[in-house]
Structures are given as C-alpha cells and as structure tokens.
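Please look through the model below with an eye to its helices and its aromatic side chains, which the following paragraphs take up in turn.

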Amino acid sequence: MNTSKMRRKVVPAAVDNGDSADKLDQLLLSASICNGEDVGPFVRKAFASGKPETLLHHLRHFARSKESEIEDVCRAHYEDFITAVDDLRSLLSDVDSLKSSLSNSNSQLQSVAVPLLTTLDSFVEARNKCTNITLAILSLRTCVQLVELCSRANRHLSENNFYMALKCVDSIEREFMNKTPSSTLKRMLEKQIPAIRSHIERKINKEFGDWLVEIRVVSRNLGQLAIGQASASRQREEELRMKQRQAEEQSRLSLRDCVYALEEEDDDGFNGISAEANDGNGILGFDLTLLYRAYHINQTLGLEDRFKQYYFENRKLQLTSDFQVSSMTPFLESHQTFFAQIAGFFIVEDRVLRTGGGLVSKLEVENLWDTAMSKMCSVLEDQFSRMQTANHLLLIKDYVSLLGVTLRRYGYPVEALLDVLSKHRDKYHELLLSDCRKQITEALAADKFEQMYMKKEYEYNMNVLSFQLQTSNIMPAFPYVAPFSCTVPDCCRIVRSFIEDSVSFMSYGGQLDFYDVVKKYLDRLLTEVLDGALLKLINTSIGGVTQAMQMAANMAVFERACDFFFRHAAQLSGIPLRMAERGRRLFPLTKARDAAEEMLSGLLKQKVDGFLLLIENVNWMVDDPPQGGNEYVHEVTIFLETLVSTAQQILPVQVLKRVLQDVLFHISEMIVGALLGESVKRFNINAIMGLEADVKMLESFAESQATLLSEAEASQLKAALAESRQLVNLLLSNHPENFLNPVIRERSYNALDYRKVVTISEKLRDQSDRLFGSFGTRGSKTNTKKKSLDALIKRLKDVN
C-alpha cells in the first residue's frame, strides 16, 4: 500500500500571539518535515542566527514525537513481516541448490567449450588474415588501375592528346582519389593532378598563341584570294556583258537572226574558300582545328568564359594592329595588303561565328566590324584627300569595291565604305580631267598636221575601227592613207580611257544607273578640255591652208568619234543604245569645228584676196565687154578647182561645201566691194557686162560641184554669189526702178543693200545700148532708162 499517496499535507496549527518564537519555529519545522519539504532554509537560518542547538533540539523532539507512530505501524504489520521472513528462508535454500546445479553445469561447459574456443580463435585468426589478404588484393588492383590510368595520361600528354589526358585525370580524380589505399599515391595525385592541368593549360595556350600568329598571315592570304576571286567573278560578268552588247549591236546593225545561248559556268567564286576552310587543309591552311582544340580543352578545364574573353581580346588587338598604316610605305603600294588583311580577318571571324560553338557572339563580331568600318572609312578619307593622281585613286577604289563585294557575301554591311567612294566621285573626275588635259595637250603638241599612214590591217583596226571612224564597212587596201592626222586616234584613246575609268569608278559602288553621271563628265571632257585644247591649237599653231584643211578634216572625224564616245559610255554603263541615241546632244566640239572651218576659210580668203588684187587691172571704162571674163576670175577659178580636187581627198563633203560657200560669198563681197571702193571712180556698162561674165564663170564652177555635192547643195553654193549676181542683174536691168517694188525686191534683189546700190549706181556714167541712153541727146528710150535709174537713186537717197 502506497502510503505516500494517502498522506495529507500537515498544516501548522495556529498559535496564540503570546507563544514564543521557538515554539513557532518548532511547529514550522515539523510541518515542513511532514510535508516532505526542504529544511535547508531552517538550517541556514539556524546557523545564520548562531543557534544550531535549537534546531537539533527541535529535530530530536520531532523524532520522539514520531516514535509512537512507528510503533503503531509496526504493531499493525507484524504478522505480515513474520510471513515474509519465512518465505525468505525457504527461498534461500532453493537458491543454494540452484547454485550447486549451476556450478556443476559450468564445470561441464568449461570442459567441453575450451577446445571449441581454441578452434574458434584459430578460425577468427585465419579469417582475419584472409580478409587482410583480400583487402590487399583489392588495393593492389586499385593501384594497378590507377597506375594504368596515370600511364595512359602520361602517354596522351607525350602525344599532345590533351583532351584524353584530361579525361584520364578526371577519371583518376573522380574514381580513385578517395579510394586510393596508398597515402603516398594520394599525396602524389593531389600534387600532380593540378600540375598536369596547369601544364596542359600552358601548352594549349602556347598552341593558341602560335595559331594567333599564324592566322594573321593566313588571313592576309585568304583575303587576297577572296578578293581575287571576286575580281575574277567580276571579269566573267564583264565578259558576259560584252558578249551581250556585241549581240545587241549585231542585232541592231544586221538583218540576219541572232542566236543567243546560255552559258553555264561553275560558280567557284567563294565555294572554294568554304570547302577548303571546312576541310581544314585548304591551299591557304585555313585551319581552325587548333583554335577549336584550345576552346574545347579550356571548356574541359572549366575555363570556357576566360578563354572566350582571352580570344576576343587578342583578336581585337590583332584587328587594331591591322589598322596601322605605315608612313614609310606609300598607301598605293600597301592598300591591297591593308584591305586584304581586314577581309581575311572577318572571313575567319565569320567562320568562327558559324562553327565555333559559341566561342564568339554575333554582337561581338558586329562590334568588331563597326570598329573596322569606322577605321577603314577614316583611312580612306585621309588617303583620298592626299591623292593628286586619278589613276591611284581609281586603283584603290577598285580594290575597295572588290573588298565590299567580298565581305557583302559574308553578310557584312559595306554601305558606309561605298558612301566614302561616292563622296570622292567629283574629286576623282577632276583629277581625271586634269590628267586627260595634260595628255591631250601633249598629243596635240606632237601633231604634224599630216595624214596618217597605215601599213598593216592591225593599224587600221587599232586607229580606225576601234573608234568606229570608218565611213565604209569595206576594208581598204594597204598601205592606207587616212583623212585624219595622228591626233585623232591619240585623242580618241585618251577619251575612251577616260570613259572606261569613269565607268570603272562609278560601277560596283552600289549605283545602278550612273550613265547620266558618266555622260556629264564626258561632256565636260569634250567641251571644256578637248574643245578648248583644239581651239587653242587652231588659234596658235596653224599657219597654212594645208594645216587648216587637215584640222578641219580632223574635226569632221571627231564628229563621228563623239558619237562613238557616247555609245561606248552607254554600253559600258549597261544602257541600251536606243536610249542613249534618244538623248543625244549636239556636237560638243562645235567651237573648235567652227574655228577650224573659219580658220580654213580665212586662209583661203587670203589666197583668194591675192588673186582678187588683179581686179585692179580691170578697165572699168572699157569700150567693149571683155570676152570670157576678166583675168582675176580665171585665176580664182583655177585656185578653186585645185582646192576642190585637193580638199575632197580629206574633207567631208559638208565641210567642203561650207568652206566653198564661205569663200564664194567672200568673192561676191569682194566684187561688190571693188565697185564700191574708192579706187573705182566710175564704170560703164561694158565693165558690168564683164563682171556678169565673171559671176557666170563662178556660178558655173558652183554648178559643176553637183557631181561632188547634190544639186540642192550646188544651188546653195551658187546662192553664195547672190549679192554680186543681183547687183549685176540690177545694173543690166531695163527697169532698175523695179528695185523699189517690195515684192520684186524681195524676190530678185533681197541680197542687196540699198546704200550700196546708191553708191554704185552713181558711178555708172557712160552710155550703154543695152541699159541706159546717153547722158546727152540719144533716143527717148535711153532717156527713159536714165531717168528710171536717176529716179531710183533719188528715191533711195530719200530713204537713206
């Protein structure tokens, strides 16, 4: 029975206020002990107050007070206690018998187990040895595998097979580092594995550095090859266009059918580069294996981002180095290397971008290209501003345009580069005009004004057919004397070269329709340069009729050459000939042509004036009209006939017509001027009849040219003598007063000046049976004619 659970808590009884403190302490102590509370506070208080004896006294008193309760309890449980003692005594006897039995069993067990335990110990010992041997074998196997991996890694390292070496090292680190039984091997691995990785990193970075050095040379050769293939492709296209132009020309000039065939050619322009690059063994060694190997090894080493940055920075430095233009070498000599290096750089970068597995990003390549474009534009601007030779500028422009074609195929924008070329278009043409001006001046200065002599057919092809100067499609017999001097083909070659250079500069620059620009500068060349140089030559170097005639013949040939120039420019510009001919302009060398014809006419007039001096020998008061005309007109006619026979060999018909027309007009003026001059004081009708015979001889000469010219043109030549003819007709007329009739005057006397008529008519004094009566007393008819003439003179004076 659990008495602790039935015990009630003892509460100290209340005491009177008069009880002493000792009594209260005793009661409190008793209550605390009965309740099982801690008596520590009472002990501390007793010692603190220095009265431990009182505490002991209280405790003894409490013990005496509880002895009676103990006795009551003992008396209540006495019988149970006696029964328990008896049970313990019987249990003790049983325990003794059990002890004896256990002792016997233990003896038997000891005797039986000792041999077994001995055997067990031997077994355990053997098993431990076996386990140790097994562990040793496993360790040896692990070490053998480890050593084999190490040997394989060393072999790969010796063969520079770094990726496989790294795979071996990674396998060692992953599978054997924590399982290596040998601490020595483990320490060796912990030391050598980082060293091996560091060694591989150094080796692969050295290989990458060598590749960076090699790729610069490869890039330059690659750029030159790519640009060369672009040039070859352009040449093939030009040849195809030339064949097409020839076919169009044949179809335009020939009536027979033209057969067109499509020619297929292998497009090996840039595919060759691509194939070589893909194989890695191209003729230029365009091999990216070392780069990709270094990239892969760095990926394996976990250094991918660092390698990407290292690659980009080094390539950027290389590009910056490529931008350097040597001041020691002229840019004309170094521009191909300069642009080829940049072209090759970006061809390589394009391949790395497409096949490098993320080694470079598109944004990085675009940034590099923007930098390169800005630098190339600034270099071109600077170099173009310094150049003073058109040919140098054209050479660089052609190479830059090929660079643009090459890189455009790889997707790089080149508009800014082409804009720089277009910006210097005017400067190039100004330089080209200046060069042509010098060449034309030199060509004209070397001209001897002699007809060109050609011995062979190739000379004819080179100097005539190549500029379409021929007047007939029939090949002449050789040796052939051309109607022009050597100046014509020389100047034609200069102009043709100008056209080709202009078209070459304008084409392949992004413009499609540039014919108008080429035509504008061609007009300037012809009108400002060639026309001006010819005009200067005519005014300063021509001193005779032969030279003037040759120059006039040259100008006629230049007229055909100018038609060729504009057709040639249209063909090179890709413009159909019908469109070019539709927009044809007037002859651009008009000033020089007019000056040449004027010079020739002037010299011929001087010659004629020498013969017309004989007019002073004319007897103006002759009694009978001279038979067959006066002497001067015979000389003039002989000169004109000689002139025609000579000039028709070199001068075109129209030029000869204009010159003869001008000369005949001058002769007519001189005849009228002779009657008008002070040297002739008076004349008679017989003298006028002589002049009428002179004019008729000149008119006969003009009419005789109908075999050379047309009848209409011969009539125009005859019309050049209109003033002298009309004056003679008026003076020989029976009704001179008809001059006052506006209708008759417009029809028959429109070339006469009434002031000249008055002056000349006043000099007519003597009698004439045909026209006027005597000024004395002849018949009434004569007096009527005289009165009519006098009335005419009077009326004309009144008008004046």
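A charge is taken to sit over a ring if NZ of Lys or CZ of Arg is within 6 Å of the ring centre and within 35 degrees of the ring normal. In this predicted model, lysine 397 lies over the face of phenylalanine 505, at 5.7 Å from the ring centre.

A pair of aromatic rings is described by the distance of the centres and the angle of the planes. The structure holds 19 aromatic pairs, and one of them joins phenylalanine 345 to phenylalanine 346 in an edge-to-face arrangement, with 5.0 Å centre to centre and 75° between the planes. Phenylalanine 345 counts as buried because its relative accessibility is 2%, and phenylalanine 346 likewise counts as buried, at 0% relative accessibility. Another aromatic pair, formed by tryptophan 369 and tyrosine 412, is tilted, with 5.0 Å centre to centre and 40° between the planes. Since tryptophan 369 belongs to helix α12 (residues 362-386) whereas tyrosine 412 is found in the loop between α13 (390-408) and α14 (415-423), the pair ties together parts that are 43 residues apart in sequence. Both tryptophan 369 and tyrosine 412 are buried. Elsewhere, ring pairs link Phe208, Trp211, Tyr295, Phe307, Tyr310 and Tyr311 into a cluster.

Helix α11 (residues 331-355) consists of 25 residues and reaches 35 Å from its first C-alpha to its last, which is close to the 36 Å expected at 1.5 Å a residue. Of the 25 residues of α11, 18 are buried, so the helix is largely enclosed by the rest of the structure. Just after α11, glycine 357 takes a positive phi of about 65°.

Which residues of α22 are buried? They are Tyr632, Val633, Val636, Thr637, Phe639, Leu640, Leu643, Val644 and Ala647. These residues cover an arc of only 165° around the axis, and therefore they lie on the same side of α22. As for what they meet there, the buried residues of α22 pack against α19 (545-572), α21 (590-612), α23 (653-676) and α24 (685-704).

Key. Residues numbered from 1 in each chain as written. Predicted model: local features only at pLDDT ≥ 70, side-chain atom pairs only at ≥ 80, totals over all residues. Heavy atoms only, no water. Buried < 20%, exposed > 50% of the residue type's maximum accessible area, 1.4 Å probe, protein only. Helix = DSSP H or I, 4+ residues; strand = E, 2+ residues; numbered from the N terminus. Arc of directions from axis to C-beta. Contact = heavy atoms within 4.5 Å. Expected span 1.5 Å × (residues − 1). Phe/Tyr/Trp six-rings, centres within 6.5 Å; stacked < 30°, edge-to-face > 60°.
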